Structures are given as C-alpha cells and as structure tokens.
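Colleague: I'm new to this one. Could you walk me through a few of its features?

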Amino acid sequence: MISITVTALVFGVIFLAELPDKTALAGLVLGTRYRASYVFAGVAAAFLVHVVLAVAAGSVLTLLPQRLVHAVTGLLFLGGAAMLLFGKGEEEEEIKKPADQTFWKVAGTGFMLILVAEFGDLTQIMTANLAARYDDPISVGLGAVLGLWAVAGLGIVGGKALMKKVPLRLITQIAALLMLGLGVWSLYEAVAG
C-alpha cells in the first residue's frame, strides 16, 4: 500500500533539492534545443534508473538496527543540508547537439547526460536515506521519481521563467532547511529510541 504522506514528503524534499541542481539547467538547455517530449523521455528514464538504484540501496539499510539507521541517515541529511548551504553554485555544462533530431538520438542524449551527471548525486543519496528512514520503498520511490520528473519538466518547459521569479538561493535554502529538520529528527529518534 502506498503512503500518501511519505510520498508527498519525499516528493517535496527531492523536488526542492533537485531544483538548484545542474541537471535542471541541463534539462533547460536541452529543452531549448530539441523537442521537449523527446528530451523528457530520456531524462525521465534516467531518473527512474537512479531512483530504483537508490531505493534498493536504502532498503538494504533497513536490515540494520533502527537506532543505527536513524543516526546514519540523520548525519547524512545534515551533510546534505551543509552541502546545499555552503556548496558552490552549479555551473552549466556544455551539451553537445546530436547530429539529427530523431527521438532516439535526442532521448538518448538526455538519458546519458542525466545518467552520468546524477550518479551519486545528492538527490540519489537522499532517496536512499529516505528509503532507509521510512522502510517504504514503493512510496519513497514514487515520491522521488515524481519529484525528479517534475523538476525535469519544469526545467525543460519553463525553467527560465521560474528562475526569474524565485531566486535559486531561496530554493536552495528551503531544501537545506528541510534536510536539516529531517536530520535533527532522525538523530533525535536515534538517541531517544
């Protein structure tokens, strides 16, 4: 059974954490050069692969004692918050244009770009943490993939407009505060539990 609460929480955390990421900018650039639906298909497939890997890794963590899992995930969330607050801004990467604009060339370019750029990325690590924290792989996976797809869609279709209205720094700070709260709560549960 899917938990709407867990799915919504994961969606919000992943969505906010992914907005300031370089892959949102990459989606924006690809979306301005190619057919949006082709780009989204490739990007969405790559994000799905990342979420499946992250949820699988997080699910393995649930085999450990709960206090240890809460402590480790709490520290990782605090580390993620610090990375967002104190990390340097992402820079746009050079994206090569495929020779033609067929579905497979454009979707393949989007897929490979995201697959490589997102491997071991903060949102993938956060997804693994959330899967370990909630021991609900389906709800966590659904929330994470929908959050990543939403950011990809925004980046591909309307990223420039969003960035003009909402400062990137504010989005980063909100995501960091959410991770800070989750980290403190997880550490509290590790100590009190």
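Colleague: Which residue lies over the face of Tyr134?

Modeller: Keep in mind that this is a predicted model. For an Arg, CZ has to be within 6 Å of the ring centre to count. Here the distance from the ring centre of Tyr134 is 5.2 Å, and the residue over its face is Arg133.

Colleague: What is the distance between the end C-alpha atoms of helix 1?

Modeller: Helix 1 covers residues 4–18, which is 15 residues. At 1.5 Å a residue, the helix should span 21 Å. The end C-alpha atoms agree with that, being apart by 21 Å.

Colleague: How many aromatic pairs does the structure hold, and is the one of Phe11 and Phe15 stacked or tilted?

Modeller: The structure holds five aromatic pairs. Phe11 and Phe15 sit 5.6 Å apart, centre to centre, with 15 degrees between the planes. Planes under 30 degrees apart get one particular label, so the pair of Phe11 and Phe15 is stacked.

Colleague: Is Phe15 buried or exposed?

Modeller: Phe11 and Phe15 are four residues apart in helix 1, so about one helical turn separates them. Phe11 has 31% relative accessibility and therefore counts as partly exposed. Phe15 has 17%, and because the cut-off is under 20%, Phe15 counts as buried.

Definitions and conventions: Residues numbered from 1 in each chain as written. Predicted model: local features only at pLDDT ≥ 70, side-chain atom pairs only at ≥ 80, totals over all residues. Heavy atoms only, no water. Helix = DSSP H or I, 4+ residues; strand = E, 2+ residues; numbered from the N terminus. Expected span 1.5 Å × (residues − 1). Phe/Tyr/Trp six-rings, centres within 6.5 Å; stacked < 30°, edge-to-face > 60°. Buried < 20%, exposed > 50% of the residue type's maximum accessible area, 1.4 Å probe, protein only. Lys NZ or Arg CZ within 6 Å of the ring centre and 35° of its normal.
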